[in-house]
Amino acid sequence: MSTTTVTSLPTAADLRAAVRAAFDAIGAHADLAEPGGHGLPASTPVTGDILFTVTETTPEQTHLAITEAAQAFSNWRTTPAPVRGQLVARLGELLREHKADLAALVTIEAGKITSEALGEVQEMIDICDFAVGLSRQLYGRTIASERPGHRLMETWHPIGVVGVVTAFNFPVAVWAWNTAIALVCGDTVVWKPSELTPLTAIACQALIERAAADTGVPGHLSRLVLGAREVGEALVDDPRVALVSATGSVRMGRQVGPRVAERFGRVLLELGGNNAAVVTPSADLDLAVRAIVFSAAGTAGQRCTTLRRLIAHTSVADTLVERIAAAYRTLPIGNPAADGTLVGPLIHETAYRDMVGALEQARADGGDVIGGQRHHVDGASEAFYVEPAIVRMPAQTGVVHHETFAPILYVLTYDTLDEAIALNNAVPQGLSSAIFTTDVREAERFLAADGSDCGIANVNIGTSGAEIGGAFGGEKQTGGGRESGSDSWKAYMRRATNTVNYSSELPLAQGVHFG
Ligand code: UN1
């Protein structure tokens with residue numbers, strides 16, 4: 001595949017200066033030491049450089065953070081929810097004010113193009129708005145009692161400390177989804193971000209601490225712990241952490257789920273996706289191509305909602321592939337902060353090796369690969385830019401069942417809609433899916449009980465880029481959790497069923513007589 005614009009990259013010194021400027025603007029006071037010392041390396045996929053070394057949280061400090069969050073919970077849980085909402089409202093204001101500063105850090109640390117980085121911060125602002133409204137709407141039901149003079153109702157109460165574990169690819173939004181909701185629900189938070197993105201996490205922590213100071217509430221309501229696996233394990237195993245909300249790989253979820261269940265804690269898992277789009281003969285192909293290119297190549301294929309499988313009707317498959325390949329040839333790849341760039345870097349070399357390995361396997365399985373080459377950018381031998389790949393597969397075999405966190409779009413064909421739905425559902429993951437059609441019967445069939453088995457099923461839009469108002473998450477190996485909008489807040493609270501007898505009789509339920 002012929003290639004695309006190469007934009008020159010900033011130097012590591014430029015990026016260091018940009019991080020310091022964003023930290024100053026946001027009011028983040030972290031010790032950003034020269035790279036190489038003892039601590040957590042803060043690197044950038046833009047150039048592949050390590051920019052700083054930041055201080056890791058020790059096991060004792062992690063324990064203390066949980067203790068402080070647990071102590072803060074004892075008052076926060078009885079603070080009226082609309083008052084709790086004021087903290088989140090202030091966080092939303094600060095995010096609006098510092099949208100560009102935080103987005104710049106997201107671009108540097110996660111490699112997102114500017115528009116997507118700004119979009120990620122917007123997603124934080126949106127969830128804050130949603131949570132503030134929610135702070136006046138934590139409704140319980142009143143249920144008809146079978147007994148005279150009795151009232152039966154449900155009340156919702158905070159659950160305690162929420163451990164939030166997030167991944168590199170949405171380094172700030174997923175924290176906000178969890179934290180904004182948890183805080184209005186009366187919970188407190190301890191956050192372990194990906195070890196690949198400590199800088200954005202430090203910036204978010206500074207903003208929540210500022211919001212707390214501005215609204216006169218304790219800063220300990222939301223804590224940050226930085227480090228690798230052991231830090232996450234401390235959250236997973238601590239019985240004071242009532243809910244562990246974890247985003248990451250299926251492998252991680254397989255460990256977190258049983259460990260938390262062992263101590264009867266709650267989990268909310270948001271794991272891998274292997275998202276498909278079905279394109280039917282009636283589809284508006286112009287619209288489908290645009291949606292497919294954004295979902296498959298956007299974020300360099302590193303969203304959990306990234307489109308990984310295209311299930312095209314045999315009558316449109318060739319045209320679609322040609323048109324997607326043509327669009328891919330025009331996608332500017334390079335410096336994610338530069339105007340016009342649409343594809344930034346992969347997060348690290350391992351991600352690149354995984355992509356190469358998946359493409360090799362696909363070829364061995366009979367796949368025909370278009371694109372997918374490394375895109376060399378001057379002065380960045382340690383950065384991994386790639387052309388998005390399209391792979392026509394003879395069948396949905398082996399490698400297509402795996403989520404490779406890179407821009408690889410496998411193309412499969414079908415003849416009947418039943419076949420297309422069966423292909424959509426025949427992978428272990430169940431996050432997002434889409435159908436492109438102008439036939440209402442096909443659209444409704446895809447959304448029906450025997451249609452897509454995913455947590456997200458769309459019509460005429462791609463698999464990625466969900467709004468915060470809906471519940472976000474998926475089935476099967478995706479883990480079953482739901483975050484952000486709709487009634488996802490219920491995962492952050494406990495339900496009590498209350499029966500109140502306001503009569504002077506004591507009728508027993510089910511007509512039982514006793515004595
Ligand atoms: C993720 O990739 O973990 O729907 C979250 C989307 C975004 C969220 C993705 N709103 O693509």
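The protein divides into domain 1 (59-271 + 479-495) and domain 2 (275-467), with bounds from an automatic or database domain assignment. This is a predicted model: local features need pLDDT of at least 70, side-chain atom pairs count only at pLDDT 80 or more, and totals for chains, interfaces and linings use all residues. Residues are numbered from 1 along each chain as its sequence is written, and side-chain values use heavy atoms, with hydrogens and water left out.

**Overall form**
- The protein has 14 helices and 23 strands; these are DSSP runs, helices being H or I of at least four residues and strands E of at least two, numbered from the N terminus.
- The radius of gyration, taken over C-alpha atoms, is 24 Å. The globule rule (2.2 Å times the number of residues to the power 0.38) gives 24 Å for 515 residues, so the protein is as compact as a globular protein of that length.
- The C-alpha trace spans about 85 × 60 × 35 Å along its principal axes.

**Domain interface**
- The centres of domain 1 and domain 2, taken over C-alpha atoms, are 30 Å apart.
- In contact (heavy atoms within 4.5 Å) are 16 residues of domain 1 and 19 residues of domain 2.
- The buried area is about 1300 Å², and carbon and sulfur atoms give 61% of that. Buried area is the accessible area (1.4 Å probe) that two parts lose on being put together, summed over both.
- Ile113, Glu116 and Phe168 supply 35% of the area that domain 1 buries against domain 2, more than any other three residues.

- Side chains of opposite charge can pair when their charged atoms come close.
- The protein has 21 salt bridges, each a side-chain nitrogen of Lys or Arg within 4 Å of a carboxyl oxygen of Asp or Glu.
- The interface of domain 1 and domain 2 holds 1 salt bridge.
- Glu116 forms a salt bridge with Arg303, with the closest N and O atoms 3.0 Å apart.
- On the side of domain 1 that touches domain 2, α4 (99-110) and α5 (114-134) are the elements giving two or more residues.
- Glu93 forms a salt bridge with Arg90, with the closest N and O atoms 2.6 Å apart. These two residues lie 3 apart in helix α3 (residues 81-97), so about one helical turn separates Glu93 and Arg90.
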